[in-house]
Amino acid sequence: GEEESIKVALDRMVQEAQRAMMKQYVMSSVSKTLCDELEDYNIIAKRNDHFLVLLPEVTPDKLPDLTKRLCKAISEQVGVTLQVGTASLPENALTFEGLVEKATEKMDAEPKPFPQSQQMIAKQIALEEANGELGDY
């Protein structure tokens, strides 16, 4: 009856809150890793659910190695697979908006990583951290 539907609604709210916290955890962990891996003069911005990284000193030929390194660091430290799209001035576009558009197109064209893996790995991290904290008592 009514009690059952309240329980179902509550469970759904708890799951949504957990998902939101997990997403926030993953986003802030990715952000921290990007900051750790990149030089201070690079600019990192968050736009919707994307990170936008401006690399004024990186030439197009150095880009593949850098993106590989960043993906590896994020994968090892956060446990998620990044989808990456890159664009360079003036090769791909002449305006900032054009660059973002081109990079987003390339990113969207990439095969999507298995979506559940991100949640499973992130949950595992959160559980391990929780267990670590509980072990201190």
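This is a predicted model: local features need pLDDT of at least 70, side-chain atom pairs count only at pLDDT 80 or more; totals for chains, interfaces and linings use all residues.
Q: In what order do the elements of the protein chain run from the N terminus on?
A: Helices (H or I, at least four residues) and strands (E, at least two) are DSSP runs, numbered from the N terminus. The protein chain has 4 helices and 2 strands. From the N terminus on, they run α-β-β-α-α-α.

Q: What percentage of the protein chain's 137 residues count as buried?
A: A residue is buried under 20% relative accessible area, exposed over 50% and partly exposed in between, using a 1.4 Å probe and protein chains only. Of the 137 residues of the protein chain, the buried share is 20%.

Q: Which residues make up the largest nonpolar core?
A: A nonpolar core is a set of buried Ala, Val, Leu, Ile, Met, Phe, Trp, Tyr and Cys residues joined through side-chain atoms within 4.5 Å. The largest such core has 9 residues. They are V26, V30, L34, L38, L66, L70, I74, V78 and V80.

Q: Which helix supplies the largest share of this core?
A: α1 and α2 each give at least two residues to the core. The largest share, 4 residues, comes from α2.

Q: Why are α1 and α2 called oblique to each other?
A: Angles under 35 degrees count as roughly parallel, over 145 as roughly antiparallel, 65 to 115 as roughly perpendicular, and the rest as oblique. Axes are lines fitted to C-alpha atoms, for helices over the stretch in contact, and angles run from 0 to 180 degrees between N-to-C directions. Helix α1 (residues 2-37) and helix α2 (residues 63-78) have their axes 10 Å apart. The two helices are therefore oblique, since they pack at an angle of about 135°.

Q: How many charged residues does the contact of α1 with α2 have?
A: On the α1 side, the contact is made by V26, S29, V30, T33, L34 and E37, and on the α2 side by R69, L70, A73, I74, Q77 and V78. Ala, Val, Leu, Ile, Met, Phe, Trp, Tyr, Cys and Pro count as nonpolar, Asp, Glu, Lys and Arg as charged, and the others, Gly among them, as polar. Sorted this way, the contact has 7 nonpolar residues and 3 polar ones, and the charged residues number 2.

Q: Is T33 buried or exposed, and at what relative accessibility?
A: T33 is found in helix α1. Not counting residues up to four places away in sequence, T33 touches A73, I74, Q77 and V78. T33 counts as buried because its relative accessibility is 4%.

Q: How far apart in space are G79 and V26, C-alpha to C-alpha?
A: G79 sits in the loop between α2 and α3 (96-109). G79 is buried because its relative accessible area is 13%. G79 and V26 are 53 residues apart in sequence, yet their C-alpha separation is 8.7 Å.

Q: What is the omega of the peptide bond from L89 to P90?
A: Most peptide bonds are trans. P90 is found in the loop between α2 and α3. The bond from L89 to P90 is cis, with omega near -10°.

Notes
Residues are numbered from 1 along each chain as its sequence is written. Side-chain values use heavy atoms; hydrogens and water are left out. Contact means heavy atoms within 4.5 Å.
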